[in-house]
Amino acid sequence: TNRPVGVLVMSYGTPKSMDHIEAYYTHIRRGHPPTPEQLAELTARYEAIVGGVFPLRENTDRQAAGVQAQLDREHPGAYKVYQGLKHAEPFIEDGVKAMAADGIREAVGIVLAPHYSVMSVGSYIKRAREAAEAEGIQMAFVESYHLHPKLIEAIAVRLRSALARFGGPDEQRSVKVLFSAHSLPERILSMGDPYVDQLLATSRAAAEAAGVADWEFTWQSAGRTNEPWLGPDILDTLDRLAKEGVKAVLSAPIGFVSDHLEVLYDLDIEAKQFAAERGIRFERIDMLNDDPLYMETLAELAAEAAAGLP
Ligand code: FEC
């Protein structure tokens with residue numbers, strides 16, 4: 001039979017509307033509803049960025065469509081793309097059920113996050129694998145793609161064009177590039193998790209490709225829990241850089257691929273203001289969103305994973 005191979009494109013998910021923030025937050029907290037204060041605080045952050053539209057949803061939709069279009073160009077009719085979200089509808093399990101309803105027997109899964117941690121990508125894969133087993137679908141997964149040459153090139157292009165905003169070569173040389181990613185609880189270190197090493201490898205490769213000599217890696221968006229999270233946080237890093245006399249920072253949040261809350265609020269509003277208070281000009285590279293090089297990266301990886309299916 002010539003059934004297409006399913007491609008489950010997985011992403012974090014965002015509320016459908018302002019009314020859905022509580023349900024979304026409760027899901028992130030594994031079923032524990034937020035306090036009214038926590039809910040109000042998160043709602044205020046969304047209000048600051050969205051104006052009624054949740055950009056992550058549109059970006060994930062465009063990325064899924066972009067991967068389908070790229071696969072259709074390379075392998076007409078061979079693949080059908082489905083979406084599965086971690087914390088919102090359509091959930092990962094809904095995506096797997098949709099494949100089963102269409103008669104899909106073989107599928108690959110890929111996450112819209114290039115770096116593997118057992119606490120991030122690992123949990124998407126676990127849920128998809130369990131759902132696929134329940135539906136009798138054979139499934140293979142892309143675990144990470146943090147050094148894919150097209151991904152690195154896409155980031156390098158963004159570094160170069162953002163650096164040009166600061167001025168000529170002399171001004172650009174005085175810019176500190178700050179790569180960042182979502183922090184995770186420190187206990188991943190004792191689990192032998194590849195997350196930190198993969199993020200540093202992406203940073204190094206992208207800096208080299210863009211000719212950036214002066215860079216650091218820092219964390220962002222740590223959760224507000226009692227256990228320790230990976231640091232230093234970007235705000236602490238900015239504070240230190242200000243004391244060292246740095247006047248210009250280019251933020252490169254390579255752990256993320258889309259415009260969404262952790263970029264549009266945590267960086268563009270919170271970190272930018274914090275930097276300004278310390279006399280630092282703070283700019284950010286554009287996110288990948290549905291950049292053609294990124295779509296090609298995902299399509300190539302999906303096809304490679306499919307080739308490994310039994
Ligand atoms: O724009 C949007 O609506 C969604 C933005 C968003 C992205 C995102 C990505 C990652 N997270 C990761 C880990 C955690 C851990 C916790 C956690 C909590 C939140 C909360 C919000 C939120 N995350 Fe998220 N994350 C996004 C949004 N995240 C909102 C809850 C309020 C808050 O703490 O700010 C802590 C959970 C707990 O309480 O136990 C851990 C990781 C990523 C990047 C990889 C990926 O995209 O999957 C890792 C986008």
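Modeller: Metal donors first: these are N, O and S atoms within 2.8 Å of the metal (3.2 Å for Na, K and Ca), and since water is not among the atoms, sites may look incomplete. Keep in mind that this is a predicted model, where local features need pLDDT of at least 70 and side-chain atom pairs count only at pLDDT 80 or more, while totals for chains, interfaces and linings use all residues. Numbering starts from 1 along each chain as its sequence is written, and side-chain values use heavy atoms, leaving out hydrogens and water.

With that, the iron atom of the ligand has Tyr12 as its only protein donor, through OH at 2.2 Å. You'll find Tyr12 in the loop between β1 (5-11) and α1 (21-28); helices (H or I, at least four residues) and strands (E, at least two) are DSSP runs, numbered from the N terminus.

Tyr12 turns up again in the shell: 22 residues surround the ligand, and Tyr12, Thr14, Tyr46, Tyr124 and Leu261 are the closest. Being near here takes a heavy atom within 4 Å.

Now the polar contacts (N or O pairs within 3.5 Å). Thr14 puts a polar side-chain atom 2.4 Å from a ligand oxygen. Leu261 uses its backbone instead, with an N or O atom 2.9 Å from an oxygen of the ligand. For His182, a side-chain N or O atom sits 3.2 Å from a ligand nitrogen.

As for elements, α1, α2 (36-50) and α10 (261-264) each give two or more residues to the shell. By class, the shell has 13 nonpolar, five polar and four charged residues, with Ala, Val, Leu, Ile, Met, Phe, Trp, Tyr, Cys and Pro counted as nonpolar, Asp, Glu, Lys and Arg as charged, and the others, Gly among them, as polar.

Conventions. A polar contact is a pair of N or O atoms within 3.5 Å; within protein, one must be able to donate a hydrogen and the other to accept it, and residues adjacent in sequence count only if both atoms are side-chain atoms.
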